[in-house]
Amino acid sequence: MAIRYQADSNTFILETKDCSYLMKVSRYGNLLHLYYGKRIPDSDVDYLLQLQDRGFSPNPNEAGNDRTFSLDFLQQEFSTDGKGDYRSPSIEVINGDGSAIFSGKVVDYQIDKGKYRIEGMPSLWAADSDRADTLKIRLEDRESRASVTLFYGVFEEKNIITRSVRFENGGNQLLNLNRLMSATVDYRDSEYDLIYFPGRHMMEREFERTPIRSGLHSIGSSRGTSSHQYNPFAIVCERDAGEDHGGCWGYSLVYSGNFLFEAEKDQFGQLRINMGINPKHFSFEMKPGETFWAPEAVLAYSDQGFSGLTHLYHDIYRENLCRSPYGKRPRPVLINSWEAAYFDFDEEKILEIARASVDMGVDLFVLDDGWFGKRDDDNAGLGDWTVNRKKLKDGIEGLSEKIHEMGLQFGIWIEPEMVSEDSELYRAHPEWCLRAPGRPMTRGRNQLVLDLSREDVCGYLIDVLDALLSNARIEYLKWDMNRSISDVWSGLLPRERQGEAMHRYVLGLYRILEEITEKHPQVLFCGCSGGGGRYDPAMLYYQPEIWCSDNTDAVNRLKIQYGTSFAYPVNTMEAHVSVCPNHQTGRSVSLKTRGVVAMDGVLGYELDSRKLSEEEKAFCRRQVEFYKKHYRLIAEGDYYRLSNPYENPRYTAWQHVSKDRRESLVSLVLTDKEGNAGQLYVKLKGLDPDAWYEVEGKEGRYSGALFMNAGIPVPASLGEYESIQFVLRTVQEKK
Ligand code: DGJ
């Protein structure tokens, strides 16, 4: 068992292959955090708790005259609130008497084989081959009888610890739950950096590293989605940690709605991390007996720097998150109609584009926005998911059949969560959208958001999606969501429950996805929210790939994909080759570089293939063949970032290494060209230092040690935005 309770020291010990997590029941019943980091053999580390009498640090009643015991500075596993701990709390409850106090004390615990699951929300699952266990510890507030059960899932071999919390109103009065963090982790010191991934539409998940300073640093979303602006993933790392060395802790939230991540350095230089649903606009009314689950947080620790941390997340998200059979299947190479035609198409044009794509070697054609209702621009039609016969005379069924006759599979776009005012659906059900009564509404892309907290709306959408996927041969569905949510007010919730609407929306979304993906397991679902506005593990649970960004510029994509790669596996990132000048930036780069960058993800195309020359199509076909030949290596190998595009202006490089280290693909884009520049070398990673490698197409064999320590020269002939790839293979087991 990876979990044990050491009775003589009252210590819970969670162990994975390389890390330990310890917590202790204090003599007054509080659950104190002791340690999370590199694996240690100890089971009693009480000495770490150095108690002191500190001014203005209150002492709980049960401590009697002991002025050294104060929650103001002790590391807590799940903080109390209103009992003398002034740091940002794990929980906020308004009790029946109006007090805002929660003082959870350990009442019982249980250790189970296997990994717990969360009702109604995605969470990691354990395969038969996984050694995974669950610890549940219940903390009760004696006065109100409200309790929280802390859930810990320990994936021993995979070095992952998951956390979740279930709140229960065990008393007999109505409570309000205003905050419930999925995970709180208290560190004894704060000499760390914080890494997070801010961004915007078309420039998602940029890399930001900052020293942790006094006060509260919080990031999060209140847009109804996990958002383009901040991703629910952050890293706390040692000050000198880098790609290959140093301790780092990852925090990832399996949630697609409003989230919060906090790093608070307190008065004593200690650090508290909180992660969970954003308490902004959140309040749940809890009747006696009612329970509430916080979404799952996935924690990882690595002493091997960012690469080590990335490998832990990539492995667990590839193997224990995506439920679709496509999670492990090679993905089709697709061509998408959006940048080729936007809203301006009819059946003939679509068929011409599809026909011209066949020679490029793609597998699947995706019809994007514009096929339904009165959708000739983005001002109308959302909600009317019936085909526009003026554009597509034989309907989706007819179009799909014709595309299949060309030897291509067929995929389609939909944006189920939205409605246009100019639509039949809105005229029939204006009450189905989120909109506060008596207030002018706020539009985004001229559309409104359906109220997915309502069961009738969810039921309707399940029927719409089921009919679409049942009535035509559809192998791929792109699920889009194109605005931030505002004006949150649900017509079916009473005043005192309006604070539940946003979380209920997310639960409604999960319910629809659950039913539809269950009913249509053979369909490959692709998530999208104006590109990567909802790129989070919960979406990956249902949708094994996500459109990484609406920005298809290969040079901008270097940064977007760099940031995305820290937590999310390559085979979840859809990346397309588009035309030049690029539609978002106006930049032109070679077809080769566009392909090299796009195969740092799930390769696809998004351009008018009718306009490609025969040479260009042949080039694309070779690109697709190369990608398919190396698919397993790219999709399932270990990923190494060889340079940081924010620090290295000269080139951006990355590397895929097979798990057995016998094969590797190195890709590099030159991002700045200087006159008479010094010779550049790129140092490789992840190879077997003792093995001999040859580079495809080149003479000689060299050790992994040499390639990693001296590097490979970047050809001086490479021009700005030009790229190069090297394929390495071992020629002999060991030196
Ligand atoms: C936003 C998506 O990210 C694009 O790829 C495209 O599908 C448009 N929406 C269509 O409206």
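Throughout this passage, a residue is called buried when its relative accessible area is under 20%, exposed when that area is over 50%, and partly exposed in between, using a 1.4 Å probe and the protein chains only. The structure is a predicted model, in which local features need a pLDDT of at least 70, side-chain atom pairs count only at pLDDT 80 or more, and totals for chains, interfaces and linings use all residues. Residues are numbered from 1 along each chain as its sequence is written, and side-chain values use heavy atoms, with hydrogens and water left out.

A handy place to begin is the loop around M202. With a relative accessible area of 28%, M202 is partly exposed. M202 sits in the loop between β11 (192–198) and β12 (208–211); strands like these (E, at least two residues) and helices (H or I, at least four residues) are DSSP runs, numbered from the N terminus. Phi of M202 is near 75°, a positive value in a residue that is not glycine. R205 is found in the loop between β11 and β12 as well, and R205 also has a positive phi, of about 50°, without being a glycine. R205 counts as buried, at 2% relative accessibility. Most residues other than glycine have a negative phi, and most peptide bonds are trans. On the peptide-bond side, the bond from C580 to P581 is cis, with omega near -5°. P581 belongs to the loop between β29 and α10 (591–598).

Next comes the ligand. It is surrounded by 13 residues, and D368, D369, K478, D480 and D550 are the closest; a residue counts as near if one of its heavy atoms lies within 4 Å of the molecule or strand in question. This shell splits into four nonpolar, three polar and six charged residues. Here Ala, Val, Leu, Ile, Met, Phe, Trp, Tyr, Cys and Pro count as nonpolar, Asp, Glu, Lys and Arg as charged, and the others, Gly among them, as polar. In W413, an N or O atom of the side chain is 3.1 Å from an oxygen atom of the ligand. Taken alone, the ligand exposes 300 Å², and the protein buries 98% of that, with areas from the Shrake-Rupley method with a 1.4 Å probe, where only the protein chains shown count as cover for residues.

Helix α6 (residues 455–471) has 17 residues and reaches 24 Å from its first C-alpha to its last, close to the 24 Å expected at 1.5 Å a residue; the expected span is 1.5 Å times one less than the number of residues. Among the buried residues of α6 are V457, C458, L461 and I462. Its buried residues pack against β23 (409–414), β26 (476–479), α7 (501–519) and β27 (524–527), where contact means heavy atoms within 4.5 Å. In helix α9 (residues 554–565), 11 of the 12 residues are buried, so α9 is largely enclosed by the rest of the structure. The end C-alpha atoms of α9 are 16 Å apart, in agreement with the 16 Å that its 12 residues should span. D553 caps the N-terminal end of α9, with a side-chain oxygen 2.8 Å from the backbone nitrogen of V555.

H576 is part of strand β29 (residues 573–578) and is buried, with a relative accessible area of 5%. Its side chain makes polar contacts with those of E574, at 2.9 Å, and E606, at 2.7 Å. A polar contact is a pair of N or O atoms within 3.5 Å; within protein, one must be able to donate a hydrogen and the other to accept it, and residues adjacent in sequence count only if both atoms are side-chain atoms.

N446, in the loop between α5 (424–428) and β25 (448–449), counts as partly exposed at 29% relative accessibility. A polar contact of 2.7 Å links the side chains of N446 and N379.
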